[in-house]
Amino acid sequence: MSKTVIDNIVIQIKKSKYFSIIVDSTPDNTKVDQLTIIIRYITDNSSIIERFVGFLKSVGHEGEDMETALIQHFTDLDINFKNCRGQSYDNASNMSGIYNGLQARIKRISKQALFVPCAAHSLNLVGSNAAEATSEGTRFFFQHTDGF
């Protein structure tokens, strides 16, 4: 079933031609790091669609390692990465770095793949830092109560 769903998503992406990617590094429940890959594209009726297209386990934290794994994943899906027009990641230097981060490496493959930092990641970092900045914030956000 998974292959059928991915195959249908790939058909839609190829029909749309251009797409953007959202990639995030996240540990799974066993603490193994993985890249989560989301593709965003526009349909014939101008609907914006976001689809999950896979996890890549343990690819490393270097921009080069992530680039290699990501390009291989798109090659396996038979999606031409030169049609990538946008990319969004968190603000970590391995992702957003202008020289060796993933965004710079992707830009070498698809010059039109504009990088936009993920606003949700930035907001999450602000919230986390604010919650940890004072003992009151820490107690408010991190205390566990019955029923949650």
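Q: Which residue takes a positive phi in the hairpin of S1 and S2?
A: Lys31 does, near 70°, and the hairpin has five residues between the strands. Strands here are DSSP runs of E, at least two residues long, while helices are H or I runs of at least four, each kind numbered from the N terminus.

Q: Okay, and what sort of model am I looking at?
A: A predicted one, where local features need pLDDT of at least 70 and side-chain atom pairs pLDDT 80 or more, though totals for chains, interfaces and linings use all residues. Residues are numbered from 1 along each chain as its sequence is written, and side-chain values use heavy atoms, without hydrogens or water.

Q: Back to S1 and S2. How many bridges join them, and do they run parallel or antiparallel?
A: Eight bridges, running antiparallel, with S2 covering residues 33-42. Two strands count as paired if DSSP finds at least two bridges between them.

Q: What about S1 and S4, how many bridges there?
A: Four, and that pair runs parallel.

Q: Which residues stand opposite Ile21?
A: Gln87 in S4, and Ile39 in S2.

Q: Gln87, then: buried or exposed?
A: Gln87 counts as buried because its relative accessibility is 2%; the cut-off for buried is under 20%, with exposed over 50% and partly exposed in between, using a 1.4 Å probe on protein chains only.

Q: What lies 3.1 Å from a polar atom of its side chain?
A: The backbone oxygen of Gln103. That passes as a polar contact, meaning N or O atoms within 3.5 Å, one able to donate a hydrogen and the other to accept it (residues adjacent in sequence count only if both atoms are side-chain atoms).

Q: And which residues is Gln87 in contact with, leaving aside neighbours within four places in sequence?
A: Ile21, Leu102, Gln103, Ile106, Lys107, Ala113, Leu114, Phe115 and Val116. Contact means heavy atoms within 4.5 Å.

Q: Switching topic: which residues line the largest pocket?
A: Ser20, Ile21, Ile22, Arg40, Glu50, Arg85, Gly86, Gln87, Ser88, Leu114 and Val116. A pocket is an open set of points on a 1 Å grid, with protein on both sides within 12 Å along at least five of seven lines, where a 1.4 Å probe fits; lining residues have an atom within 4 Å of a point.

Q: Which strand gives the largest share of that lining?
A: S4, with four residues. S1 also supplies at least two.

Q: Last one: how many helices and strands in the chain?
A: Six helices and five strands, in the order α-β-β-β-α-β-α-α-β-α-α from the N terminus. Buried residues make up 34% of the 148.
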